[in-house]
Amino acid sequence: MIIKPKIRGFLCTTAHPNGCTRDVQGQIDYVEAQSDRSAGPKKVLVIGASGGYGLASRISAAFGYGASTVGVFFERPASGSRTASPGWYKTAAFTESARARGLYTANINGDAFSNEVKQATCDLIERDLGQVDLVVYSLAAPVRRMADGSVFRSCIKPIGETFEGKTIDFNTGQLRDISLQPANPEEVSDTIRVMGGEDWELWIGALKGRGLLGKGCITTNYTYLGSEVTWPIYHHGTIGKAKEDLDRACVSLSAPMSEIGGHAYVAVMKGLVTQAASAIPGMSIYLSLLFKAMKDAGTHEGCIEQTTRFYDSQLYSGEGLRLDDQGRIRMDDLELAADIQQFVSDNWFHVKEDNLEAKTDFAGYRRAFLQLHGFEVPGTDYQAEVDPDMELRLDVAETG
Ligand code: NAD
């Protein structure tokens, strides 16, 4: 069939297998082009391994350091005329390239919050790798199902006061006003249950309890702070509260990790277009301004540049880590550079439909969103018939 993007709101309901494959190959090429690496991770578990930062973390570890990787994710295969989800295609492409390179690659498609997936992952690591030396937790999920059947939903809302902002209609480029009522206390605590640090602690507890964390093992979790212009909806909102809980979890993990000579870190990453980020109201204007400023300054990075720099210049640089006063690793230095943020705040209230193209990089934002789904990836023939079915060998039967 011929696959085209179908966009509804902030969702694209189709994905292109060949475009996704090329996108992954581009990330692999980038990692392989960097040289002069010191010792790095060798056996890596990535939880949330099929998109955005998690996929890039996996690619950087495998193709940068020759690491064996186990990936846990929640993706959908193609069925009938429905395409697979982008993460399905991208993981299939990654797996093929990594295995062709002789790298151990195992995939678990299921609900990472469940005990079943945790146990299946532990069994697999015990059987095939013995232990891991890096655990990257990069889940971005809308819901968390508990073992007793109850469900928590995360939401993106302000706390305390109504959020008034603007968003860009993806299809028309029109600016729309948005108004979001503040979250109630239950919505705040539910969001923390989904996107906070509790499940990270459960994963580390399960792995450590089985003796699967090697000596000196590192575990990381990604957070976002961003610009003050987005704080009302992000940093000071429900998601910000969940991210605060990551800092709590990181402190609570420091004792169990130190027993094996290891460490837990929260890393502050750059704002980028990913599946999760595209759902945040108002983020499209911020990222369009940010991309413009960073591309003009020559400092723009995507997920793969971020995770590669994260390993090469921080975790495995062989030099001491550069931590902020809260013990976090900062990878948002270029985003928060004074000149970049000055450009964003100078223009924040002046973006209008008729100057969108001139003042911002909405075209780049739009392209990045389409590329997430395998569209507008250079070198892909979108007029050609393509089979939406793409085989992804799973190492554990669908579970959780
Ligand atoms: P993403 O949407 O691109 O990827 C999310 C991953 O989680 C996917 O692999 C998906 O399959 C997996 N997942 C979701 N629910 C699951 C479940 N129940 N079980 C198993 N897997 C599941 O997200 P992202 O933007 O890369 O976010 C990853 C982390 O990085 C998040 O903590 C996010 O807050 C953080 N972060 C993102 C940005 C950004 O701008 N995108 C910036 C800084 C930090």
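What follows is a working chat about a predicted model, covering its ligand, salt bridges, cysteines and a few loop residues.

Colleague: Before I look at any detail, what pLDDT do local features need here, and how are residues numbered?

Modeller: This is a predicted model, in which local features need pLDDT of at least 70 and side-chain atom pairs count only at pLDDT 80 or more, while totals for chains, interfaces and linings use all residues. Residues are numbered from 1 along each chain as its sequence is written, and side-chain values use heavy atoms, with hydrogens and water left out.

Colleague: Ok, the ligand then. How many residues surround the ligand, and which are the closest?

Modeller: The ligand is surrounded by 29 residues, of which the closest are Ser-50, Ala-112, Lys-243, Leu-272 and Thr-274; a residue is taken as near a molecule or strand if one of its heavy atoms lies within 4 Å of it.

Colleague: Which side chains have a polar atom by an oxygen atom of the ligand?

Modeller: Among them are Glu-75, with a polar side-chain atom 3.0 Å from a ligand oxygen, Lys-243, where the distance from a side-chain N or O atom is 2.7 Å, and Thr-274, where a polar side-chain atom lies 2.5 Å from a ligand oxygen. The protein buries 93% of the 840 Å² that the ligand exposes when taken alone, with accessible areas coming from the Shrake-Rupley method with a 1.4 Å probe and, for residues, only the protein chains shown counting as cover.

Colleague: Which elements give two or more residues to that shell?

Modeller: Those elements are α2 (52-65) and β11 (213-223), where helices (H or I, at least four residues) and strands (E, at least two) are DSSP runs numbered from the N terminus.

Colleague: And how do the shell residues divide into nonpolar, polar and charged?

Modeller: The shell around the ligand holds 15 nonpolar, ten polar and four charged residues. In that sorting, Ala, Val, Leu, Ile, Met, Phe, Trp, Tyr, Cys and Pro count as nonpolar, Asp, Glu, Lys and Arg as charged, and the others, Gly among them, as polar.

Colleague: Switching to salt bridges: how many does the structure hold?

Modeller: There are 25 salt bridges in the structure, each being a side-chain nitrogen of Lys or Arg within 4 Å of a carboxyl oxygen of Asp or Glu.

Colleague: Which parts of the chain does the one between Arg-248 and Glu-201 link?

Modeller: In that salt bridge the closest N and O atoms of Arg-248 and Glu-201 are 2.7 Å apart. The pair links distant parts of the chain, with Arg-248 in helix α7 (residues 238-258) and Glu-201 in helix α6 (residues 198-209), 47 residues apart. Arg-248 counts as partly exposed at 38% relative accessibility, and Glu-201 also counts as partly exposed, at 21%; buried means under 20% relative accessible area, exposed over 50%, and partly exposed in between (1.4 Å probe, protein chains only).

Colleague: How about Asp-296 and Lys-292, how far apart are they in helix α8?

Modeller: They are four residues apart in helix α8 (residues 283-297), so about one helical turn separates them, and their side chains meet in a salt bridge at 3.6 Å, N to O. Asp-296 is exposed at 59% relative accessibility, whereas Lys-292 is partly exposed at 23%.

Colleague: Which residues are linked in a network?

Modeller: A network of salt bridges links Asp-247, Asp-324, Arg-328, Arg-330 and Asp-332.

Colleague: Now the cysteines. How many disulfides does the count come to?

Modeller: A disulfide is a covalent bond between the sulfur atoms of two cysteines. With a disulfide taken as a pair of cysteine sulfur atoms within 2.5 Å, the count comes to zero.

Colleague: Last topic, loops. What is the phi of Glu-376, and where does Glu-376 lie?

Modeller: Glu-376 has a positive phi of about 60 degrees although it is not a glycine, and it lies in the loop between α12 (362-372) and β14 (396-399). At 40% relative accessibility, Glu-376 is partly exposed.

Colleague: And Pro-41, buried or exposed?

Modeller: Pro-41, in the loop between α1 (17-33) and β3 (43-47), is buried, with a relative accessible area of 1%.

How values were computed
A polar contact is a pair of N or O atoms within 3.5 Å; within protein, one must be able to donate a hydrogen and the other to accept it, and residues adjacent in sequence count only if both atoms are side-chain atoms.
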